Amino acid sequence: MNAENKVLVVGGGIGGLCSAIALRRKGIAVDLVELKSEWTVYGVGIIQQSNVVREMSRLGLLDAYLDAAYAFEDVAIYTTEGQQLVRIPGQRLAGPQYPANVGISRRALHKVLSETAIELGAGVRLGLSVESLEQDSNGVDVLFTDGTRGRYDLVVGADGLYSKIRGMLFGDKYQPRFTGQSVWRYNFPRLPHIDHLANYQGPAGNAGLVPLSDDLMYMFTTSHEPENPWMAADQLAAQMRVRLQGMGGLIAELREQIVDNEQVVYKPLESVFVSEPWYRGRVMIIGDAAHATTPHLGQGAGMAIEDALVLSEELTSAGSLEEQLQRFMARRFDRCKYIAEKSLLAGEKEMARDREFDRIGLIKEMLELTAQPI
Ligand SMILES: Cc1cc2nc3c(=O)[nH]c(=O)nc-3n(C[C@H](O)[C@H](O)[C@H](O)COP(=O)(O)OP(=O)(O)OC[C@H]3O[C@@H](n4cnc5c(N)ncnc54)[C@H](O)[C@@H]3O)c2cc1C
């Protein structure tokens, strides 16, 4: 592809915006449609590990991104009483002058990505989606939900877990599945010693603290919720405190400060994995639309960002579109499958309270694998 070609990206989340940025940097024309008319994201944070920092650098975003983020080096695992089990030093994959890892608020990340995509000339339209697609050997005719039409060389569905584009390609073959766990998150003022990713694990459960800025950090904890219960909004803080019962040390201290129901972000965990090539002809899916998993390895968005970069590289390399998409799949499938499966495994072991499970070994293995070039 080159400057004469045009790609439609469906979905303005992390994967869609990074696709728009990466494609624009290669000179390809991009339109992006986002279903939400108010382009907001919820107000918790996200961990971006060293492979993601490297890809942000390759997207040409690192400085703006680091300005909005909290840079840190190490990942540590403690018992829930606070005894350190391991401290894994960060790997500076973007270069020695850049940090290994980053914690960033989703809103700050969204601001950097959306402003950059627009500055680079992506044609962004909000409050609409794709109504129907019709492809032939030279392009895709798209009817949008507002009645307008467009013709594109490629359509990239980056429309998340409940992807409409995935449904258009594969029918109802791939449906999100509730994994049996939910995650609870809550923001706190950052404590000076939470200057790294601190995971806590023990027989009573697990939790983590992630620095997001000089002033802010967030706590997460996962819980086993076999019946996927509905949580009353006025009970969220009390329910989160219950999920942290039995943990000592810092987590117990912070638990008592969880009092504001509106600050609790509760989410049942769901996953889906498309186990065949993520495209048909000139229509493809990336990110959560193709491989949504649980946050146990903190790599879901990382995989969406890597998808975006690899796609832009392959689309501007030699061969037919079919050959380019085949090479994209060869570079992405096993890596995303590993993250999807191992994240689910970690959740299953938590639900089974399996004390033999080598979580530290898994985290080290994941960091080694994701450090490898894509
Ligand atoms: C609790 C939790 C914690 C997480 N923590 C981390 C973490 O620390 N680190 C990490 O790397 N990952 C994390 N993840 C995973 C990460 O959030 C996702 O992998 C990432 O957001 C996927 O990006 P995406 O662009 O593919 O999808 P999304 O971010 O879901 O974006 C999809 C976009 O498409 C839009 N859309 C939906 N349908 C349509 C449609 N029909 N037409 C047009 N637009 C549409 C949506 O409004 C949205 O803007 C976490 C996930 C969860 C659930």
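The model is a predicted one.

At G15, a backbone N or O atom lies 2.7 Å from an oxygen atom of the ligand. At S129, an N or O atom of the side chain is 2.8 Å from a nitrogen atom of the ligand. At G302, a polar backbone atom is found 3.2 Å from an oxygen atom of the ligand. The ligand taken alone exposes 1000 Å², and the protein buries 86% of that area.

Empty space within the protein was examined next. Rolling a probe the size of a water molecule over the atoms shows where such space is left. The second largest pocket holds about 500 Å³ of space. It is lined by 22 residues, and those closest to its centre are G202, G205, N206, E350 and R353. Two or more lining residues are given by each of strand 14 (197–202), strand 15 (205–211), strand 16 (216–224) and helix 10 (321–351). Strand 16 provides the largest share of this lining, with four residues. The lining of the second largest pocket consists of five nonpolar, ten polar and seven charged residues.

The volume of the largest cavity is about 50 Å³. Its lining is formed by S50, E73, D74, V75, I88, P89, G90, Q91, N101 and L367. These lining residues divide into four nonpolar, four polar and two charged.

Backbone geometry was considered at two positions. Most residues other than glycine have a negative phi. At R353, by contrast, phi is near 50 degrees, a positive value in a residue other than glycine. R353, which is among the residues closest to the centre of the second largest pocket, is located in the loop between helix 10 and helix 11 (359–371). Because its relative accessible area is 53%, and the threshold for the exposed class is over 50%, R353 is classed as exposed. A phi value near 50 degrees, again positive in a residue other than glycine, occurs at N228. N228 belongs to the loop between strand 16 and helix 6. With a relative accessible area of 33%, N228 is partly exposed, since values between 20% and 50% define that class.

Three further residues illustrate how separation in sequence relates to separation in space. S213 occupies the loop between strand 15 and strand 16. The relative accessible area of S213 is 25%, and the residue is therefore partly exposed. S213 and Y70 are 143 residues apart in sequence, and their C-alpha atoms are 4.7 Å apart in space. K267 is part of strand 17 (residues 265–273). Its relative accessibility of 32% means that K267 counts as partly exposed. Between K267 and T222 there are 45 residues of separation in sequence and 9.4 Å in space, C-alpha to C-alpha. R241 is placed in helix 6 (residues 236–243). R241 is likewise partly exposed, with a relative accessible area of 24%. R241 and R282 are 41 residues apart in sequence, and the distance from C-alpha to C-alpha is 49 Å.

Conventions
Residues numbered from 1 in each chain as written. Predicted model: local features only at pLDDT ≥ 70, side-chain atom pairs only at ≥ 80, totals over all residues. Heavy atoms only, no water. 1 Å grid on protein atoms, 1.4 Å probe; cavity = no way out; pocket = protein on both sides within 12 Å on 5 of 7 lines; lining within 4 Å. Points joined across faces, edges and corners; volume = space filled by probe spheres on them. Nonpolar A, V, L, I, M, F, W, Y, C, P; charged D, E, K, R; others polar. Polar contact = N/O pair within 3.5 Å; in protein donor to acceptor, adjacent residues only side chain to side chain. Areas by Shrake-Rupley, 256 points an atom, 1.4 Å probe, with all protein chains shown as cover. Buried < 20%, exposed > 50% of the residue type's maximum accessible area, 1.4 Å probe, protein only.
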